[in-house]
Amino acid sequence: MLSFGKRVVRTAARKFGYDIVRVVEPRPTPHVAIKFTDLSRYRRITEPIPGMISSEAAELLYGICVTQDVEGDVLEIGSWQGKSTSYLARAVRDSGNGHMFAVDHFRGNIGKEGLYSVGDGLENLQAQFEDNMKAIGLQHVITTLPYFSEQAYEHLDNCVLRLLFIDGDHSESGVRKDIQLYCPLVRAGGIVVFDDFDITFPGLVSAVVEWVEHQDPRSVFVRGNMLVCKL
Ligand SMILES: C[S@@+](CC[C@H](N)C(=O)[O-])C[C@H]1O[C@@H](n2cnc3c(N)ncnc32)[C@H](O)[C@@H]1O
């Protein structure tokens, strides 16, 4: 609550079209003898990896994944150049819980390939992804499945997932297919995250809402355009 004096000054400033806001400077992290992952530092390390999700969303993925209390593997559909992968795989390594699977046919979204150019084209997308993972030293944590998600599913053997991140084919039928195939692999207490849950993808939203209504997860929240469901 602002003091009376400050409220008067602020109201007067607003009359002239100005506002007074408090600028919160980031404060230095203390040097202490406990081990922790400093996400601000990690953000700088992963900065060169182009991504279709924001650093904030990637950090949310990290936080969810590293603190999960059930065991299992982590699988992502839609890796692109590895921004989300870099946070999920780092959380897998830091938690020592399970293995990371990255599914992507590395062709971009069919019909929208133009949005997915890497240099001159998409030919080098998989190599670029792999180089990016090597550059941050996480290649050993990740099994890349460079197939359409339907085919990638055939390569999984007795896989039990604790976290599934769906960010591949954004069409209604594509999302429905991914849900149908992969959600049953997620164990009770596990988490499913859908990216791009927003009005620009009405088909995706319909497919996800239908699944949520049927599945009735224990908890569901939205942060930005990510929908997070705990089973
Ligand atoms: C929105 S991008 C993923 C962005 C990524 N998560 C990030 O952090 O930058 C979608 C990716 O899904 C892949 N993709 C689209 N449809 C797919 C499908 N049916 N199977 C596998 N990958 C698919 C595309 O090649 C593309 O790289």
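User: Which residue in S7 does Phe 221 stand opposite?

Analyst: This is a predicted model, in which local features need pLDDT of at least 70, side-chain atom pairs count only at pLDDT 80 or more, and totals for chains, interfaces and linings use all residues. Residues are numbered from 1 along each chain as its sequence is written. S6 (residues 219-223) and S7 (residues 226-230) pair in the antiparallel sense over five bridges; strands (E, at least two residues) and helices (H or I, at least four) are DSSP runs numbered from the N terminus, and two strands pair if DSSP finds at least two bridges between them. In this pairing, the residue opposite Phe 221 is Val 228.

User: Which residue in the turn between S6 and S7 has a positive phi?

Analyst: The two strands form a hairpin with two residues between them. A phi of about 60° belongs to the turn residue Gly 224.

User: Why does strand S6 lie largely in the open?

Analyst: A residue is buried if 20 or more other C-beta atoms, placed from the backbone, lie within 10 Å of its own, exposed if 12 or fewer, and partly exposed in between. S6 lies largely in the open because, of its five residues, the number buried is zero.

User: Is Ala 57 buried or exposed?

Analyst: Ala 57 is part of helix H3. Leaving aside neighbours within four places in sequence, its contacts (C-beta atoms, placed from the backbone, within 7 Å) are with Gly 224 and Met 226. Because 21 other C-beta atoms lie within 10 Å of it, Ala 57 is buried.

User: How many charged residues does the shell around the ligand have?

Analyst: The ligand is surrounded by 22 residues, the closest being Gly 78, Trp 80, Lys 83, Ser 84 and Asp 169; a residue is near a molecule if its C-beta atom, placed from the backbone, lies within 6 Å of it. Ala, Val, Leu, Ile, Met, Phe, Trp, Tyr, Cys and Pro count as nonpolar, Asp, Glu, Lys and Arg as charged, and the others, Gly among them, as polar. By these classes the shell has seven nonpolar and 10 polar residues, and its charged residues number five.

Key
Two residues are in contact if their C-beta atoms, placed from the backbone, lie within 7 Å.
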